[in-house]
Amino acid sequence: MAIEAAFPPAAIVDSRYAWFRLGISLLIGTLANVGMWSYVVALPTVQAAFSASRADASLPFTLTMIGFGVGGVAMGRLADRAGIMLPVMLGALLIGLGYVGAGFAANLWAFAATHLVIGFGTSAAFGPLMADVSHWFLRRRGVAVAIAACGNYVAGTVWPPVLQHFLDSSGWRATHIAVGLFCLASVLPLAWLLRPRLPQTDAHSEAADAGARRQAAGLSPGTLMALLTVAAVACCVAMAMPQVHIVAYCGDLGYGPARGAEMLSLMLGFGLVARLLSGLLADRAGGLVTLLVGSVMQGVALLLYLGFDSLTSLYVISALFGLFQGGIVPSYAIVIREFFAPQEAGWRVGVVLMASILGMAFGGWVSGLIFDLTGSYRVAFAHGVLWNLLHASIVVWLLTRRSRRVFATA
């Protein structure tokens with residue numbers, strides 16, 4: 001579709017077509033991000049089927065995260081060069097191949113290998129989609145990116161009960177094969193609807209504006225990317241403590257794992273609200289301010305976990321934690337669009353998201369290690385607070401540096 005021939009750029013950005021495209025992106029994210037959540041549901045069944053230890057049975061999830069992180073960079077670079085349709089189609093093919101292969105896996109190691117493929121394919125439906133959506137909005141860019149990022153959380157709400165039903169009724173092999181075929185049948189035609197690309201008329205001027213903002217802060221591209229990468233690791237190490245260990249924490253306190261699972265659902269539900277609110281704030285105050293607000297509030301929630309551990313308070317704090325932290329990750333996409341050329345958005349967002357995945361992986365592991373060493377999660381929560389302070393310090397430094405440079409040139 002030669003959309004640029006039908007409309008001038010000003011008529012495309014923030015247009016009804018842009019909102020239609022955002023809706024398609026949200027739907028694709030909801031469908032394709034099954035890869036982020038399916039093994040959390042399937043783990044006990046697969047562990048029993050292969051008579052594996054819990055540690056060995058956790059390997060497919062680890063490989064999913066690795067594939068997701070590496071794939072985000074590769075798919076983002078492909079999107080920068082060829083548009084979003086091709087990586088989303090490729091992602092759908094890999095998801096389909098991975099799930100069908102999982103259904104036929106002869107042993108746990110073959111099953112785990114298919115999840116590396118699933119994670120790589122799923123990555124196309126998160127960071128690259130957010131970067132693509134950012135090109136189609138100007139006045140409402142923050143809200144649009146936040147909505148696109150919600151696909152991951154919506155998937156985490158919708159897919160688990162559906163998967164559990166079919167795991168119980170049809171078995172894990174048939175369920176995995178069906179999920180793969182369903183993703184192929186649904187995501188491929190939806191990806192075709194994203195084939196139009198924006199004309200590049202304003203790309204050079206946007207790149208110049210982004211470079212001017214970066215120069216005003218006195219930062220080279222490499223330095224800024226390094227700081228954002230460290231910040232992404234830090235915020236997600238802090239984020240991982242409640243998200244990964246809340247179920248076990250509730251079990252240790254005597255409330256039972258079911259209560260912890262309900263608290264995790266609360267986090268995800270309020271995380272959706274947080275992403276929308278953060279988008280509204282980003283449209284008014286910019287990505288860095290939004291990132292700082294999320295960081296400070298996440299730190300407050302972590303401190304509340306240190307101070308209160310009654311059942312009611314944990315429900316309330318978990319809801320607040322989701323509300324406070326849900327907008328942090330999408331804010332990185334806004335920051336990158338503000339300080340880097342639009343032609344680089346896909347791979348740069350992918351790099352930061354890969355850092356956030358590494359932070360979640362390390363944070364979940366080290367929190368467990370701290371518990372093993374101390375017999376308590378209190379030190380693990382305090383450890384998360386320290387990483388959160390590092391994140392907030394980086395964002396404050398960036399904001400202060402930008403403000404000083406702007407003031408000095410005024």
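Visitor: What is the mean pLDDT of the protein?
Guide: This is a predicted model, in which local features need pLDDT of at least 70 and side-chain atom pairs count only at pLDDT 80 or more, while totals for chains, interfaces and linings use all residues. Residues are numbered from 1 along each chain as its sequence is written, and side-chain values use heavy atoms, with hydrogens and water left out. pLDDT is the predictor's confidence in each residue, from 0 to 100. In this protein 92% of the residues reach 70 or more, and the mean pLDDT is 88.

Visitor: Which element has the lowest mean pLDDT?
Guide: Helices are DSSP runs of H or I with at least four residues, strands are runs of E with at least two, and both are numbered from the N terminus. Helix α7 (residues 85–103) has the highest mean pLDDT, 97, and the lowest, 46, belongs to helix α1 (residues 3–6).

Visitor: Is S318 buried or exposed?
Guide: Buried means under 20% relative accessible area, exposed over 50%, and partly exposed in between, with a 1.4 Å probe and protein chains only. S318 has its place in helix α16 (residues 311–325). Leaving aside neighbours within four places in sequence, S318 is in contact with I246, M263, M267 and Y305. Because its relative accessible area is 0%, S318 is buried.

Visitor: Which helix gives the most to the lining of the largest pocket?
Guide: On a 1 Å grid over the protein atoms alone, a pocket is an open set of points where a 1.4 Å probe fits, with protein on both sides within 12 Å along at least five of seven lines; lining residues have an atom within 4 Å of a point. The largest pocket is lined by 50 residues, of which W37, V40, F61, Q243 and V244 lie nearest its centre. With nine residues, the helix that gives the most to this lining is α18.

Definitions and conventions:
Contact = heavy atoms within 4.5 Å.
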